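I opened this notebook to record what I looked up in a structure that was new to me. The entries follow the order in which I consulted it.

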Amino acid sequence: MPRSDLTDHGTPGRRPPVDLSPLPAADGEDDDDDIVALPLRHTWRWVAAGVLGLGFVWLASSLWNNKNVDHGTIANFMFSDQIVHGAVLTIVLTFLAMVLSTILGVVLALMRLSSNPVLSGLAWLYIWVFRGTPLLVQIVFWGYLGLLYKQISLGVPFTDFTVFAVDTNTLIPAFVAGVIALTTNQAAYTAEIVRAGMLSVDPGQKEAAYSLGMTPLFCLLKVELPQAMRVIIPPMGNETISMLKDTALLSLIAVLELYTVAERISAQNLRQVELLVVVSCWYLVLTSVLSVPQYYLERRFGRGSRVLGPTPIGRVVALLRRQPKPRVTDKESL
Amino acid sequence: MTIIDSGSVQAPEEPLLTARRVRKRFGKVDVLKGITLSVAKGEVMCLLGPSGSGKSTFLRCINHLETIDGGRIKFDGELIGYTQRKGALQEMTPREVARQRRGIGMVFQRFNLFPHLTALENVTAAPIGIRKIPKTKAVADARELLDQVGLADFAHAHPAQLSGGQQQRVAIARALAMEPKLMLFDEPTSALDPELVGDVLDVMQKLAKSGMTMVVVTHEIGFARGVADSIVFMDEGVVVESGPPSEILRSPRHQRTKAFLDSVM
């Protein structure tokens, strides 16, 4: 059967013919020309920028010339060994807590979405507890776990039989307690973010995957999670930045991260403001650096949903390559 | 394929798909009120009927995307979704259902391509991951299939970069990559711009000519007339009448069929 026969039956009503003759120019001018127009002048933007600029200059000078701030102390401590060690520990804590909490959070999210009432109930209970109590309280709780259980032992419950028993404070030093507190708390939030991401995936995707004979687990890993990532990553970047700052709360259980170190130094030299400036600078730099991986992750998981331009690095590389060096172009052709 | 060979022991007349008194309820609404039909190997069946008549629901019951409340669906000698054990019906595990669905391809109204994968990856995902076909062979097969649907040059395009008609043809290639014995089409051209409908229908027609067994829910009467071996007209959850296209389309016996055909032609 010829193809036109197939399609003709598919379009029942023929549209009436449309008049395609060009519209007459309203004012008699030729409208084929490029547009040459005077741009709008945004007078008030310039005024607002000027006022704000003056305000910032005044604020900066009042801080800089403040007799109560010793600039030398800021410079001395900015890269002192103690502060740098504290910053490294802050990074390690953030990294560990985010990685572990993401794993736990994904598991919790899948449990909550599961049709198994035991699993989804358990996940609900977990999120209810850890999201419903202050992080500060949870940190102190893990820090003082030794008060609740003197020893942690492995054995048969409700009997005296034990395989081994360890002193709680030996098994869980402050650092470990800190990681546990941050991880367990963050996992509750991450679970909700992951769950929202999973719910954002079009249900037709699951049907298509199932109709191809994919098992639920394969569909989850290959089809649903990769698409959920697009929705999950932006808020997770947010959570990572929050986490970096929340590590400061561990000063309560004497984990020697950035803020604790600064606090201890200022307790000795009584230069509280200077050391707060030092740690603020560190936190600002670290949170700024964190937005870089977020950018690339968003690109990676945004594939197929938008047209990707070159990355900032790609643009620099392209700029460098544009120089007329025959050797470089040779390499490119390989 | 070796799986089919064992089937040759059966009588050749045995239909590939049989549905007996299939019932389906959504809440208090009876969507299917006892559908009985059978599809022979190599047959192309078109399901026609007004929207809400239960055609799509029935199609989704065939590969167990919807569970049925009554009756039986048998495909290739096996009950769909249930196993008979000790005289009682037992629900299949998700793994068993997945295995059963591998023999049945499905094409959706809204394409449902995986947007994060390229056209080629859409086609190879299930063969590599589920059928465990070596990657090089799966990619070669997929390229062959994309070529057959006229999209050899679009292997590395993401679905968002393709037109609706192209996406639907990728979806057909994706379903065929699992080498199904039966293909289900759920209004495959209803979401397409009119000028793209022809390309998809062409592919479906070629597929029908190649001997594929197909059940097609469609409003394309021209396709039904030219390609279908049998037409089933459904309304309000029942089969009103069925027969070869020449009979149903030229001289329908029932008033409801007549009224529907008058409204779409």
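**Entry 1**

I began with strand S9 (residues 182-186) and strand S10 (residues 213-217) of chain B, which pair in the parallel sense over 5 bridges. I took two strands as paired if DSSP finds at least two bridges between them. Helices (H or I, at least four residues) and strands (E, at least two) are DSSP runs, numbered from the N terminus. I noted that Met183(B) has Met214(B) in S10(B) as its bridge partner.

H7(B) packs on the sheet and touches strand S3 (44-48), S9 and S10 of chain B. The direction of H7(B) makes about 145° with that of S10(B). Axes here are lines fitted to C-alpha atoms, for helices over the stretch in contact, and angles run from 0 to 180 degrees between N-to-C directions. Contact means heavy atoms within 4.5 Å.

I then traced the whole sheet: 6 strands of chain B form an open sheet in the order S8-S9-S10-S3-S11-S12, with mixed pairing. S8 and strand S12 (238-243) of chain B are the edge strands, each pairing on one side only. From one strand to the next, the twist averages 15°.

**Entry 2: basis of the model**

The model is predicted; local features need pLDDT of at least 70, side-chain atom pairs count only at pLDDT 80 or more, and totals for chains, interfaces and linings use all residues. Residues are numbered from 1 along each chain as its sequence is written, chains are lettered from A and ligands numbered from 1 in the order in which they are written, and side-chain values use heavy atoms, with hydrogens and water left out.

**Entry 3: the antiparallel sheet of chain B**

I found another open sheet in chain B, with 4 strands in the order S2-S1-S4-S5 and antiparallel pairing. Strand S2 (29-39) and strand S5 (78-79) of chain B stand at the edges with a single partner strand each, so one side of each has no neighbour in the sheet. Strand S1 (residues 17-26) of chain B pairs with S2(B) over 8 bridges, and Arg25(B) stands opposite Asp30(B) in S2(B). Helix H2 (residues 55-62) of chain B lies across S1, S2 and strand S4 (70-75) of that chain, at about 60° to S2(B).

**Entry 4: where the chains meet**

I asked how many residues each chain gives to the contact. Chain B gives 37 residues and chain A gives 27 residues. The buried area (accessible area, 1.4 Å probe, that two parts lose on being put together, summed over both) is about 2900 Å² between chain B and chain A, with 62% from carbon and sulfur atoms.

I found 1 salt bridge across this interface, defined as a side-chain nitrogen of Lys or Arg within 4 Å of a carboxyl oxygen of Asp or Glu. Arg60(B) forms a salt bridge with Glu207(A), the closest N and O atoms being 2.7 Å apart. H7(B) gives the most to the side of chain B that touches chain A, with 6 residues.

**Entry 5: chain A**

Strand S1 (residues 151-155) and strand S2 (residues 162-167) of chain A pair in the antiparallel sense over 5 bridges. S1(A) and S2(A) form a hairpin with 6 residues between them, and Phe158(A) in the turn has a positive phi of about 65°. Gln151(A) stands opposite Asp167(A) in S2(A).
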